[in-house]
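Please read them alongside the sequence and the coordinates.

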Amino acid sequence: MLEALLKRIAGVILLTYLVLDGHFGHHNALHIARQSHLHLISKLRCEAALSCPYAGPYAGRGPRRQYGRKVDYGHMPAKYLKETTVEGHIQTRVYQAPLLHKAFAQPLNVVIITKLNLRTQARAHVILFSRDLTLAYAPLVDNYRLRFHIACNFRDAKQSWGLEDFMNVTPTGVTNAANLSLFMANVAYHLQADGRQRDSDYSILDLKAACRGYTYVEATINMLPEKPEPVL
C-alpha cells in the first residue's frame with residue numbers, strides 16, 4: 001500500500017516522513033519506512049524500556065557496552081528538558097534525547113511529553129520517536145499531531161457523510177462514494193470556519209441543522225400561495 005501511494009504521488013508531492021500511530025511503533029514499521037527512503041514518526045508504549053547511550057569507560061574486554069542507565073520517566077535528566085508550560089493546574093514538560101531501545105537496531109530520536117497535575121500530583125507521559133536524529137522536538141510533535149486531523153476527517157466522513165453507509169460494490173462506485181464523503185467533510189470544515197466566528201463550539205451537527213433549517217424555510221416559502229395581482 002505504501003509503495004502504491006508513493007508511485008501515485010511521485011513527482012507531485014515530496015515526502016520525508018511517514019507518520020503512523022502507536023500500533024506501528026516497532027522495528028518492522030521503521031524498516032518498511034526506511035526501504036521507501038522515509039523517516040518514521042510514531043509512538044512507543046508508555047512503559048517502553050529506553051536507555052541512554054553508555055558514555056562510561058571501556059571495560060577492556062569484549063564488545064563495547066552500548067546501553068547505559070534506563071530512563072526513569074518520573075525523573076528525567078534536566079539536560080534533556082526543552083520546554084515547560086503550565087495551563088491551569090496542568091504542568092507540561094517536553095524532553096528530547098537520542099535513546100536506545102533493544103527492539104531497534106539504531107538509536108531513536110525520542111520526545112517525551114510529561115504532564116503533572118499540580119493539585120493531585122498525578123503524572124502521565126507520551127513517548128514519540130523518529131529515526132531522523134536531526135529532527136527538532138517541535139516539528140516532530142507537530143507532525144504526529146497531524147495524524148489526529150486525518151483521523152478526525154475519516155471520523156466525520158463516517159458519522160456525518162455516509163462513508164460507511166453506501167452500498168456500492170463496484171470499484172468505480174466505491175471510489176466515487178468514498179471521494180464524495182471525504183469531499184463533503186472538507187466542505188463542511190470550510191463552512192464551519194464561518195460559524196465558529198460566532199460560536200467557537202460550532203460543530204458539524206450545528207452546520208447540518210442550519211442547512212436543514214434553511215431548506216425547510218425555503219420549501220415553506222415556495223408552498224405559500226402567490227399574492228394575487230390587484231384588479232384595476
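**Notes on surface, pockets and salt bridges**

1. Val 12, Ile 13 and Leu 15 together make up a nonpolar patch on the surface, with about 280 Å² of accessible area between them. A patch here is built from residues with over 30% relative accessible area and no salt bridge, like charges being joined within 9 Å and nonpolar side chains (Val, Leu, Ile, Met, Phe, Trp, Tyr) within 5 Å; accessible areas come from the Shrake-Rupley method with a 1.4 Å probe, and for residues only the protein chains shown count as cover. Leu 15 sits in the loop between helix 1 and strand 1, and counts as partly exposed because its relative accessibility is 33% (buried means under 20% relative accessible area, exposed over 50%, and partly exposed in between, with a 1.4 Å probe and protein chains only).

2. As to the basis of these remarks, this is a predicted model, in which local features need pLDDT of at least 70 and side-chain atom pairs count only at pLDDT 80 or more, whereas totals for chains, interfaces and linings use all residues. Residues are numbered from 1 along each chain as its sequence is written, and side-chain values use heavy atoms, with hydrogens and water left out.

3. The largest pocket has a volume of about 1000 Å³, and of the 24 residues that line the largest pocket, Leu 5, Leu 18, Val 19, Leu 20 and Ile 150 are the closest to its centre. On a 1 Å grid over the protein atoms alone, a pocket is an open set of points where a 1.4 Å probe fits, with protein on both sides within 12 Å along at least five of seven lines, and lining residues have an atom within 4 Å of a point; grid points are joined across faces, edges and corners, and a volume is the space filled by probe spheres set on the points.

4. Which elements supply at least two residues each to the lining of the largest pocket? They are helix 1 (2-9), strand 1 (17-19), helix 2 (27-35), helix 3 (137-160) and helix 4 (171-195), and helix 3 gives the most, with 6 residues. Helices (H or I, at least four residues) and strands (E, at least two) are DSSP runs numbered from the N terminus. By class, the lining of the largest pocket has 18 nonpolar, 3 polar and 3 charged residues.

5. The second largest pocket holds about 380 Å³ of space, and of its 18 lining residues the closest to its centre are Thr 92, Val 94, Ile 113, Val 141 and Arg 145.

6. The structure holds 3 salt bridges, a salt bridge being a side-chain nitrogen of Lys or Arg within 4 Å of a carboxyl oxygen of Asp or Glu. In one of them Asp 142 pairs with Arg 145, the closest N and O atoms being 3.8 Å apart; because Asp 142 and Arg 145 are 3 residues apart in helix 3, about one helical turn separates them.

7. Arg 155 and Asp 156 also meet through their side chains in a salt bridge (3.0 Å, N to O). Arg 155 is partly exposed at 41% relative accessibility, whereas Asp 156 is buried, with a relative accessible area of 6%.

8. The side chains of Glu 47 and Arg 45 form a salt bridge as well (2.6 Å, N to O). Glu 47 counts as partly exposed at 46% relative accessibility, while Arg 45 is exposed, with a relative accessible area of 61%.

Terms used. Ala, Val, Leu, Ile, Met, Phe, Trp, Tyr, Cys and Pro count as nonpolar, Asp, Glu, Lys and Arg as charged, and the others, Gly among them, as polar.
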